[in-house]
Amino acid sequence: MAATLEHNGTTYRRPDGPLAVVCIDGGDPAYFASGLKDGIIPNIARFMKEGFSTVADGTVPSFTCPNNMSIVTGRPASVHGISGNFYLDRKTGEAVVMTGPELLRADSIMAAFSRKGAKVVSITAKDKLRQQLGKNMDLSRGSVSFSSQHADRCTMTENGIEDALAFVGQPLPDMYSADLSLFVLDAGIKLLETRRPDLLYLSLTDFIQHAHAPGTPEANSFYSEMDKRFGRLVELGATVALTADHGMNDKSKPDGTPNVIWLQDVLDNEFGPDRSTVICPITDAFVGHHGALGGFVRVYCRNGLTARDVTGLVAEIPGIEAAYERAETARRFELPEDREGDVAVISDAGACIGGREVDHDLSGLKGHRLRTHGGLSEAKVPIVISAPVSDAYAKRAEKRPLKSYEVFDYALNGTAA
Ligand SMILES: [Zn+2]
């Protein structure tokens, strides 16, 4: 293949050795800080010292789908179109899940490289991301795209690999486990050992981070297990770039119960029912660990209610950090305006926002403190690369905070000798 690839407005150098980009779902910078202090992540510590390390700005809303798509397309959501896990279709009034490949308006860098003959690997913990990550990927020349969630269903046509469980040598991991993430890394290692891909994108799940704060035994054990695997990837000759889709904050009151603003109830009480719809774009089929509560919601107005009515009301609510009308939201956060609500409402680090209290099932918390994400306070993410970057790239990072969607640029172009 050619030495460079022009994609979504950036020219990427073809990697001269394997590059593994890992998205640590919910990997708030506080986990690295705590792991360094406790001495449990020696490989990451070495990358930070000998390679490149910074804290970057992720996409707001700080949710999984928008950020994964920003990272892999190298562009903001205004370009790739995925601005949440859900949006409201204004024509039908229905909430639409945003994981369909037809909603993605830009292909991933992996897909583009695969079509140029590079061997790429895309593995995600949750299957919901798989189709968008693998959209327009050429699987006919050794490239692979699958999820650990459905690793038992892989076919050559759909995934570029068969019998992934036997290949990795592990049973199907539990949907709610740290193993779902570790399986992704182990599969990446196995592929690196046997097929030597040029490019790997390994996207994990935030099951541990939703339940366990930095420095807890569970979090430390997970980070230590990940660290060993990052070390192994480098041992096998890969450059490793670590980032996250979003951070994570404790959203509990002092008594341990969730600190929730039930925004649909607030709006209904003030303006009457049938005047607005609150969409929580964190919602997916996988909500046990956060009760569908996040730090960013969209309000759709009806029956004469105006965006200004809503922003005026929510400005008075403790725990609300900001509320912006549609055009301002799209401009400020580089989001596709056609998929915005009339108002975006964002909570602060200590609070989260729900719709109607009766609609949220919090039993999945099982006594845990609520930890979740979505707002500005969870949009800071680490970028750590095992190799140093050029002076020009280092200077750029000193001048302004990087965007997390620059990680492929940094890992491919910045580390060029
Ligand atoms: Zn996530």
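A polar contact is a pair of N or O atoms within 3.5 Å; within protein, one atom must be able to donate a hydrogen and the other to accept it, and residues adjacent in sequence count only if both atoms are side-chain atoms. Such a contact, of 2.8 Å, joins the side chains of Thr59 and Ser70.

The model is predicted, so that local features need pLDDT of at least 70 and side-chain atom pairs count only at pLDDT 80 or more, while totals for chains, interfaces and linings use all residues. Residues are numbered from 1 along each chain as its sequence is written, and side-chain values use heavy atoms, with hydrogens and water left out.

**Thr59**

Thr59 is found in the loop between strand E4 (52-57) and helix H3 (64-73); helices (H or I, at least four residues) and strands (E, at least two) are DSSP runs, numbered from the N terminus. Leaving aside residues up to four places away in sequence, Thr59 touches Pro66, Asn67, Ser70 and Ser404, where contact means heavy atoms within 4.5 Å.

**The zinc site**

Asp25 (OD), Thr64 (OG1), Asp245 (OD) and His246 (NE2) coordinate the zinc ion at 2.0 to 2.2 Å. Donors are N, O and S atoms within 2.8 Å of the metal (3.2 Å for Na, K and Ca); water is not among the atoms, so sites may look incomplete. Along the chain, the donors of the zinc ion follow the spacing D-x38-T-x180-D-H.

| Residue | Relative accessibility | Class |
|---|---|---|
| Asp245 | 0% | buried |
| His246 | 0% | buried |

**The four-stranded sheet**

Four strands form an open antiparallel sheet in the order E13-E14-E16-E15. Strand E13 (276-279) and strand E15 (320-325) stand at the edges with a single partner strand each, so one side of each has no neighbour in the sheet. Two strands pair if DSSP finds at least two bridges between them; strand E14 (residues 296-301) and strand E16 (residues 343-347) pair over four bridges in the antiparallel sense. Within this sheet, Val297 stands opposite Val345 in E16.

Helix H13 (residues 307-314) lies across E14, E15 and E16 and runs at about 170° to E15. Axes are lines fitted to C-alpha atoms, for helices over the stretch in contact, and angles run from 0 to 180 degrees between N-to-C directions.

Definitions and conventions. Buried < 20%, exposed > 50% of the residue type's maximum accessible area, 1.4 Å probe, protein only.
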